[in-house]
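Work through the exercises below with the sequence and the coordinates open. Each task is followed by a solution in steps.

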Amino acid sequence: MQVREGHVPFGEHRTWYRVTGDLASPRLPLVVVHGGPGCTHDYVDALKDVAASGRAVIHYDQLGNGRSTHLPEVPASFWTVELFLAELDALLGHLGIAGRYALYGQSWGGMLSAEHAVRRPAGLKALVIANSPSAMPVWVAEANRLRRDLPEDVQRTLLAHEAAGTTASPDYVAASRVFYARHVCRLDPWPPEVTRTFEAMDADPTVYLAMNGPTEFHVIGSLKDWTIVDRLHQVMAPTFVISGRHDEATPLVVAPYAERIPGATWRIFEHSSHMPHVEERADCVEAVCAFLAGHDG
Ligand SMILES: N=C(O)[C@@H]1CCCN1
């Protein structure tokens, strides 16, 4: 299997990418859009397995973390949906696939992919929205509902540090990991690629803090009021929606994608939380390959 890496010039910055497989393949190339915002490609690396279906799979690190340009000194207002939409367009153009491609957006990556899709780009031939919020206020409400099932002492620790603004404290981080072990990745231990992304976010939380906030459930960043629900009817690309039965992206959070995107299909992976591509890797890859095969024409 061919693997090559490179960087896309993006303004005065650069975006790292990796291509697994052959871009010259007649099958739709799949671009994997990671979450966060401010994660790295590592935790969605398993989706390179889709390349075995004879298509190129492109991973990239969105600006601000990983092997792309880091910008810890810019103001929080620099990090916008429009910025990352422009970066995705730059990647598609650089690789010569803007005329024909598929997207796999995971969590925030699904939000970004949906923002891309509602603009009806002619080259978008298939779309996978995985584990993604459709409206952040609903995401937060559901996260708070899930929090109420946590041990009482964990809940108290989370609330106390959020109230005090001390969310960088080791106690808060340890308490948040109890939620993450239930609703972000249920494998124990986490695979190395998942741990690498969280280590990268700990090392440079610039984007995540600016747009999201300290944790998956304490959302105080610029995305806190974001919604795409009323625009989803504009999506024209065939769409496959994915989520996990134990996902922080609960059915209530995900349902608008399946209900409002014309013709969308939805699969809930019963043994997964936020990472079916890791927690049920073979089944998830098989489902994605089957979906894409139906749109390679
Ligand atoms: N893991 C993710 O990308 C989520 C989506 C919204 C906040 N973080």
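Predicted model: local features only at pLDDT ≥ 70, side-chain atom pairs only at ≥ 80, totals over all residues.

**Exercise 1. How many Å separate a polar side-chain atom of S107 from an oxygen atom of the ligand?**

Residues are numbered from 1 along each chain as its sequence is written, and side-chain values use heavy atoms, with hydrogens and water left out.

Step 1. Look for polar contacts (pairs of N or O atoms within 3.5 Å).
Step 2. The distance from the polar side-chain atom of S107 to the ligand oxygen is 2.8 Å.
Step 3. Repeat for G36: one of its polar backbone atoms lies 2.7 Å from an oxygen atom of the ligand.
Step 4. Repeat for H274: an N or O atom of its side chain is 3.4 Å from a nitrogen atom of the ligand.
Step 5. On its own the ligand has 250 Å² of accessible area (Shrake-Rupley method, 1.4 Å probe), and the protein covers 96% of this area.

**Exercise 2. List the residues that surround the ligand and sort them by class.**

Step 1. Count Ala, Val, Leu, Ile, Met, Phe, Trp, Tyr, Cys and Pro as nonpolar, Asp, Glu, Lys and Arg as charged, and the others, Gly among them, as polar.
Step 2. The shell then holds 4 nonpolar, 5 polar and 1 charged residues.

**Exercise 3. Where does the ligand sit?**

Step 1. Search a 1 Å grid over the protein atoms alone for cavities, sets of points where a 1.4 Å probe fits but cannot get out; lining residues have an atom within 4 Å of a point.
Step 2. The count is 1 cavity of 30 Å³ or more.
Step 3. The largest cavity has a volume of about 60 Å³, taken as the space filled by probe spheres set on the points, which are joined across faces, edges and corners.
Step 4. The ligand sits in this largest cavity, by the test that more than half of its atoms lie within 2 Å of the grid points.
Step 5. The cavity lining includes P37, M111 and L223.
Step 6. By class, this lining has 7 nonpolar, 3 polar and 1 charged residues.

Notes:
Near = heavy atom within 4 Å. Polar contact = N/O pair within 3.5 Å; in protein donor to acceptor, adjacent residues only side chain to side chain. 1 Å grid on protein atoms, 1.4 Å probe; cavity = no way out; pocket = protein on both sides within 12 Å on 5 of 7 lines; lining within 4 Å.
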